[in-house]
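Colleague: Could you take a close look at one part of this model for me? I'd like the cut-offs along with the description, please.

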Amino acid sequence: MKKQKFVLAEASLDEINKQLRINMFTIVMLILVLFMNIAQFMRDYSLLYGALIAIMAFFLFVMAKSRTLLTMRKQELTR
């Protein structure tokens, strides 16, 4: 049996709620890794950790935008 991809336009309310929980977990993990990278950067002033901070900040921005889209779709379905 082939696993179906998540398609926002065809998603049910339960699927959206599941994706929102996964999204929140991912955001929390990104924040933890980001703070660990910031602490390491403050200690070493390494270019590598500076780059990791920029990448993590970008991923956090993308995750926040996807959460916004999921929340908007959930509001549409609950109307």
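Modeller: Helices here are DSSP runs of H or I with at least four residues, numbered from the N terminus. Before going on: this is a predicted model, where local features need pLDDT of at least 70 and side-chain atom pairs count only at pLDDT 80 or more, while totals for chains, interfaces and linings use all residues. Residues are numbered from 1 along each chain as its sequence is written, and side-chain values use heavy atoms, with hydrogens and water left out.

Back to our pair: the side chains of R73 and E76 form a salt bridge at 3.2 Å, N to O (a side-chain nitrogen of Lys or Arg within 4 Å of a carboxyl oxygen of Asp or Glu). Searching the whole structure turns up one salt bridge. E76 counts as partly exposed because its relative accessibility is 46% (buried is under 20% relative accessible area, exposed over 50%, partly exposed in between, with a 1.4 Å probe and protein chains only). R73, for its part, is among the buried residues of α2, along with I53, M56, M63 and L70. That buried set packs against α1 (13-44), contact being heavy atoms within 4.5 Å.

As for the helix itself, α2 has 32 residues and runs 47 Å from first C-alpha to last, close to the expected 46 Å (1.5 Å times one less than the number of residues).

Notes: Helix = DSSP H or I, 4+ residues; strand = E, 2+ residues; numbered from the N terminus.
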